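Welcome! Here is a short tour of one protein model, meant for someone meeting it for the first time.

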Amino acid sequence: MITTINIEFISDTEEHLQILEQQLRQIHDVEVELVEPIDPTLPALVSVGIKKHGERAERASQSVAQVLHDFLHEDDSTQSQKKIFLVTIEGDRVDIEPLSVDEIEQIIFSAEEEAS
């Protein structure tokens, strides 16, 4: 079974989405599916699937959390131009911009537990 984390991504440029997708695809044991909206004012949807369990899933979760955090904080001048929301199984949207890597990882870990 694959643990899936759904992300809503909003940005002023398509380049940000391409960069984020590329960075997530480089993580071992992770699948990435992207749904780009026809209307550019709507968020893109990114589905991140963690294909393993146990220690490998934990490493993949840590890597995903780190990539998301770093991506949002890499350039303060563009911070307002990109937003990432993690969408929980219950349908809640969590803005991860103010969260630490550990807090993001905890949300991902909760998704893994619910999938088990």
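A residue counts as buried under 20% relative accessible area, as exposed over 50%, and as partly exposed in between, using a 1.4 Å probe and protein chains only. This is a predicted model, in which local features need pLDDT of at least 70, side-chain atom pairs count only at pLDDT 80 or more, and totals for chains, interfaces and linings use all residues. Residues are numbered from 1 along each chain as its sequence is written, and side-chain values use heavy atoms, with hydrogens and water left out.

**The overall layout**

- The protein has three helices and five strands; helices (H or I, at least four residues) and strands (E, at least two) are DSSP runs, numbered from the N terminus.
- Of the 116 residues in the protein, 38% are buried.

**Helix α2 and its surroundings**

- Helix α2 covers residues 54-73, 20 residues in total.
- From first C-alpha to last, α2 reaches 29 Å, close to the 28 Å expected at 1.5 Å a residue; the expected span is 1.5 Å times one less than the number of residues.
- The buried residues of α2 are Ala57, Ala60, Ser61, Val64, Ala65, Val67, Leu68, His69, Phe71 and Leu72.
- An α-helix has 3.6 residues a turn, so residues three or four places apart point the same way.
- Ala57 in helix α2 has 3% relative accessibility. Although Ala57 and Thr3 are 54 residues apart in sequence, their C-alpha atoms are 8.9 Å apart in space.
- His53 sits in the loop between β3 (44-50) and α2, and is partly exposed at a relative accessible area of 47%.
- Between the C-alpha atoms of His73 and Pro98, 25 residues apart along the chain, the separation is 9.7 Å.

**Aromatic rings and charges**

- Rings of Phe, Tyr and Trp (its six-membered ring) pair if their centres lie within 6.5 Å; planes under 30 degrees apart count as stacked, over 60 as edge-to-face and the rest as tilted.
- By this rule there is one aromatic pair. Phe9 and Phe71 form this tilted pair, at 5.8 Å centre to centre and 50 degrees between the planes.
- Phe9 lies in strand β1 (residues 3-11) and Phe71 in helix α2, so the pair ties together parts that are 62 residues apart in sequence.
- Both partners are buried: Phe9 has a relative accessible area of 3%, and Phe71 has one of 0%.
- The charged end of Lys82 sits over the ring of Phe71, 4.1 Å from its centre. Sitting over a ring requires NZ of Lys or CZ of Arg within 6 Å of the ring centre and within 35 degrees of the ring normal.
- Over the ring of Phe85 sits the charged end of Arg93, 4.1 Å from the ring centre.

**The largest pocket**

- On a 1 Å grid over the protein atoms alone, a pocket is an open set of points where a 1.4 Å probe fits, with protein on both sides within 12 Å along at least five of seven lines; lining residues have an atom within 4 Å of a point.
- The volume of the largest pocket is about 210 Å³; a volume is the space filled by probe spheres set on the points, which are joined across faces, edges and corners.
- Among the residues that line the largest pocket are Phe9, Asp12, Leu17, Glu36 and Pro40.
- Strand β1 gives the most to this lining, with three residues.
- The lining has seven nonpolar, two polar and three charged residues. Here Ala, Val, Leu, Ile, Met, Phe, Trp, Tyr, Cys and Pro count as nonpolar, Asp, Glu, Lys and Arg as charged, and the others, Gly among them, as polar.

**The second largest pocket**

- The second largest pocket holds about 160 Å³ of space. Of its 13 lining residues, the closest to its centre are Val87, Thr88, Ile89, Ile107 and Ala111.
- β1, β4 (82-87) and α3 (101-115) each give two or more residues to this lining, and α3 has the largest share, five residues.
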